[in-house]
Amino acid sequence: ALPISESEHCCIIKMNCFDCYMEDIDMATSMVIGTQWGDEGKGKIVDWIAERADVVVRSQGGNNAGHTVVVDDKAFALRLLPSGILYDNKQNIVGTGVVIDPKVLLQEIEGLEKQGRSAKSLQVSDRAHVIMPYHIALDTAEEASKGDAKIGTTKNGIGPCYADKINRIGIRICDLYDMETFKQKLAYNVEFKNKMLTKVYDAEPVSYDEILADYIKYAEALKPYVTDTNAAVLKAVKEDKKVLFEGAQATMLDLDHGTYPFVTSSHPIAGGASTGAGVGPNYLKNIFGVVKAYATRVGAGPFPTELLNETGDNLRELGHEFGTVTGRPRRCGWLDLMVVKYAAGLNSLDYLAITRLDILDTFKELKICVGYKLNGKDVEGFPANLKDLEACEAVYETLPGWETDISGIREYDKLPENARKYVERIAEVTGVPLGIVSVGPNRSQTIDLVNVF
Ligand code: GDP
Ligand code: IMO
Ligand code: MG
């Protein structure tokens, strides 16, 4: 923490020396970001790094996320709770950029407690926006009205809640503790949303009285956790605590940079953690891009390496690729390094965390996409126009498989040569060094090459 005594310092003007200040915090934060379309195994990687962290922060998304963490062969499916919650001694923060369904959060806390764990370390932002029943109703109605053009959302009200925030009519956690403001905002919203629900979508209206009564109860139950998390994160960072930012969703689902409109409504890229957690970008260090060793996508939208054949079905079965939240079968395909390269730049990735390498154990040959061709020409960068992206042909390299069970291997050098070649080729094409290689869902099934913190 600043100030540091003069003798330890390279300059005399302690508080104003940017170099010393940055050097001081250089190793104190880390971040875990999805590089593909979600479900890369971010929860597992966060839980792994969190062992050495003091604070874990969620900064965007909501209960559309499903992060599975396995501890002692017991699986925990986390949706809003940060993946550091399974340790007893960490501060766990749900930051300002997260949209919170209080009912789901309370159920999650209760579920955790039933499993003998505690959520007492949880802090929830007083500035975060609240998902209301009309958001869920509108998400469902909007999807139904789109027919074949539907996005395939999780129907948790994520998009409509973020839309209200942008439209400056949203209800924030702090509003729940100011009855006059809450009632006034709720009345305005219920009247307006009921017109939309009944007159535009021919759906059932929601009830002001029921919502008011329910949310008063939720607010009371959540009160012990609610605080100014922006200040808490900043304090932790300045005190040189080890702060780990947990991304939800992934780069290709980013509202601005993903395959719009087949995206989520937040910013799952590294910059989103800065706005969402309320800390400046200079505090964000040691950024891990989580790369599933093959590719999956839930919901609609372009997917250039999708395998609509037996190989795809094989991947789905071997990897049990079904949604944590919705149970939907995930679309499967070969690893697309055009996507990971795009993610490397957008997130200024420091390291790759490659997960689920063990799922590829039985393949004789593996393909990785190293480029796209459009109308016979090499594609530079990542296409914005979805018609172009859909028309892109993936250019593959074929690598030999290792045809060995790697799930028990704990040292990088002991991985079969072909497995090492596979992950090293990913690092080479993307220009991002390997940080972690994961060979199974358990904590112990992790090969850590950098050991941040
Ligand atoms: P997230 O949303 O990015 O946290 O990922 P999900 O939890 O939705 O999906 C990843 C799944 O893979 C979870 O069931 C994890 O327990 C599991 N997992 C994570 N890493 C590995 C790994 O290296 N090998 C295997 N077999 N499973 C893994
Ligand atoms: P984690 O954190 C995979 C997808 C949905 C849909 C689109 C928009 O577990 O990786 P939304 O409900 O957010 O409006 O849906 O985004 N999606 C995810 N896909 N993993 C996730 O989270 C996702 N969160 C949203 O399937 O296509
Ligand atoms: Mg998931």
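**Sheet, cores and ligand sites in a predicted model**

The side chain of serine 125 gets to within reach of the backbone nitrogen of arginine 127, at 3.0 Å. That makes a polar contact, meaning a pair of N or O atoms within 3.5 Å, where within protein one atom must be able to donate a hydrogen and the other to accept it, and residues adjacent in sequence count only if both atoms are side-chain atoms. The structure is a predicted model, in which local features need pLDDT of at least 70 and side-chain atom pairs count only at pLDDT 80 or more, while totals for chains, interfaces and linings use all residues. Residues are numbered from 1 along each chain as its sequence is written, chains are lettered from A and ligands numbered from 1 in the order in which they are written, and side-chain values use heavy atoms, with hydrogens and water left out.

Back to serine 125: its side chain also makes a polar contact with the side chain of threonine 96, at 2.7 Å. The residue sits in strand S7; strands (E, at least two residues) and helices (H or I, at least four) are DSSP runs, numbered from the N terminus. At 0% relative accessibility, serine 125 counts as buried, a label for anything under 20% relative accessible area, with exposed meaning over 50% and partly exposed in between (1.4 Å probe, protein chains only). Leaving aside neighbours within four places in sequence, serine 125 is in contact (heavy atoms within 4.5 Å) with Val94, Gly95, Thr96, Ile173, Thr227 and Thr229.

Strand S7 belongs to an open sheet of 10 strands, in the order S9-S7-S5-S2-S10-S1-S11-S15-S19-S20, with mixed pairing. At the edges are strand S9 (226-227) and strand S20 (446-448), each of which pairs on one side only. Two strands are taken to pair if DSSP finds at least two bridges between them. S7 (residues 122-125) runs parallel to S5, joined to it by three bridges, and glutamine 123 in S7 is the bridge partner of isoleucine 93. S5 (residues 91-94) in turn pairs with S2 in the parallel sense, this time over four bridges; here valine 56 stands opposite asparagine 92 in S5. Further along the sheet, S1 and S11 are also parallel, with four bridges between them, and valine 32 has phenylalanine 288 in S11 as its bridge partner.

As for packing, the largest nonpolar core has 55 residues, and Phe245, Leu352, Leu357, Leu360, Leu415 and Tyr422 touch the most other members. A core of this kind is a set of buried Ala, Val, Leu, Ile, Met, Phe, Trp, Tyr and Cys residues joined through side-chain atoms within 4.5 Å. Helix H13 (residues 417-430) supplies its largest share, six residues. Apart from this core lies another, of 39 residues, with Val69, Leu86, Leu122 and Leu222 among them. Setting aside residues up to four places away in sequence, phenylalanine 245 touches Thr29, Ser30, Met31, Val32, Val57, Val233, Ala273, Ala277, Val279 and Leu284.

Turning to the ligands, the magnesium ion (ligand 3) has Asp39 (OD) and Gly66 (O) as its protein donors, 2.0 to 2.2 Å away. Donors are N, O and S atoms within 2.8 Å of the metal (3.2 Å for Na, K and Ca), and water is not among the atoms, so sites may look incomplete. Aspartate 39 is partly exposed at 22% relative accessible area, whereas glycine 66 is buried at 13%.

Aspartate 39 turns up again at ligand 2, where a polar backbone atom of this residue is 2.8 Å from a ligand oxygen. An N or O atom in the side chain of lysine 42 lies 2.7 Å from an oxygen of ligand 2, and a polar backbone atom of glutamine 249 is 2.8 Å from an oxygen of this ligand. Of the 20 residues around ligand 2, Lys42, His67, Thr154, Gln249 and Thr264 come nearest; being near means having a heavy atom within 4 Å.

Ligand 1 also has 20 residues around it, of which Lys42, Gly43, Thr68, Asp358 and Ser438 come nearest. A polar side-chain atom of aspartate 358 lies 2.7 Å from a nitrogen of ligand 1, and a polar backbone atom of glycine 41 is 2.9 Å from an oxygen of the ligand.
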